[in-house]
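Open the model in your viewer and keep the selection panel at hand. Each stop says what to select and what is there.

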Amino acid sequence: MSRAIYPGSFDPVTLGHLDIIKRSAEMFDELIVGVLVNTAKSPLFSLEERVNMLENVVSDIPNVRVVGFEGLLVDFARQNDIKVIVRGLRAVTDFEYELQIAQSNRKVAPDIDTVFLTTNIEYSYLSSSIVKEYASFGVDVKDFVPEHVREMLCERYEIENA
Ligand code: ADP
């Protein structure tokens, strides 16, 4: 059975992330969406909220499982018999950082590979940070995130949910 992990902060999950999830779910028997406890970032949504949010938006994709995790990605992958890490590439600016992470992961875990999916052009400008910035100023983010996430953003920023 082929099992892959798509790791990220997903703070919050965007339509760009969801596009990568749907496409990679078709490539593997099981896709784990790994929601990171990232100590370097202070998230808008707690780990539990991000996991619940993702579970809600992937509920119609049967071979996707959402898991929160802490610690080293390759350790988590090994413990869960995961051989492939999926990452999305939006632009050349993502490339250098992603290459560095993928190569160092491969150095410490040669049995695990990273595959990159290029972003759907429609979402190539999109990031969780932009979504948060817009939502915090009351911009309607319906074109950027699933409806459930839009509602959670409105609630968090105390914006009237139109
Ligand atoms: P991280 O905290 O690891 O940077 P993110 O949650 O921002 O994580 O993103 C997780 C993964 O999704 C990364 O591989 C990132 O390149 C990819 N990604 C982020 N935004 C988009 C998007 N708009 N379209 C496709 N992939 C994206």
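The tour goes from the ligand to its pocket and then to a loop.

This is a predicted model, in which local features need pLDDT of at least 70 and side-chain atom pairs count only at pLDDT 80 or more, while totals for chains, interfaces and linings use all residues. Residues are numbered from 1 along each chain as its sequence is written, and side-chain values use heavy atoms, with hydrogens and water left out.

**Stop 1: the ligand shell**

**Stop 2: polar contacts**

Now show pairs of N or O atoms within 3.5 Å. Pick Gly 88: a polar backbone atom there is 2.6 Å from an oxygen atom of the ligand. Go to Phe 10, where a polar backbone atom is 2.9 Å from a ligand oxygen. Then take Arg 90, which places a polar side-chain atom 3.3 Å from a ligand nitrogen. On its own the ligand has 550 Å² of accessible area, and the protein covers 91% of this (Shrake-Rupley method, 1.4 Å probe).

**Stop 3: the pocket**

Zoom out. The ligand takes up space in the largest pocket. A pocket is an open set of points on a 1 Å grid over the protein atoms alone, where a 1.4 Å probe fits, with protein on both sides within 12 Å along at least five of seven lines; lining residues have an atom within 4 Å of a point. The largest pocket holds about 1100 Å³ of space, the volume filled by probe spheres set on the points. Of its 42 lining residues, Pro 7, Gly 8, Ser 9, Lys 41 and Arg 87 are closest to the centre. Select helix 4 next: with 7 residues, helix 4 gives the most to this lining (helices are DSSP runs of H or I, at least four residues; strands are runs of E, at least two).

**Stop 4: the loop**

Finish between strand 1 and helix 1, where Phe 10 and Pro 12 lie. Phe 10 has a positive phi of about 50°. A cis peptide bond joins Asp 11 to Pro 12, with omega about 5°.

Technical notes:
A polar contact is a pair of N or O atoms within 3.5 Å; within protein, one must be able to donate a hydrogen and the other to accept it, and residues adjacent in sequence count only if both atoms are side-chain atoms. A molecule sits in a cavity or pocket if more than half of its atoms lie within 2 Å of its grid points.
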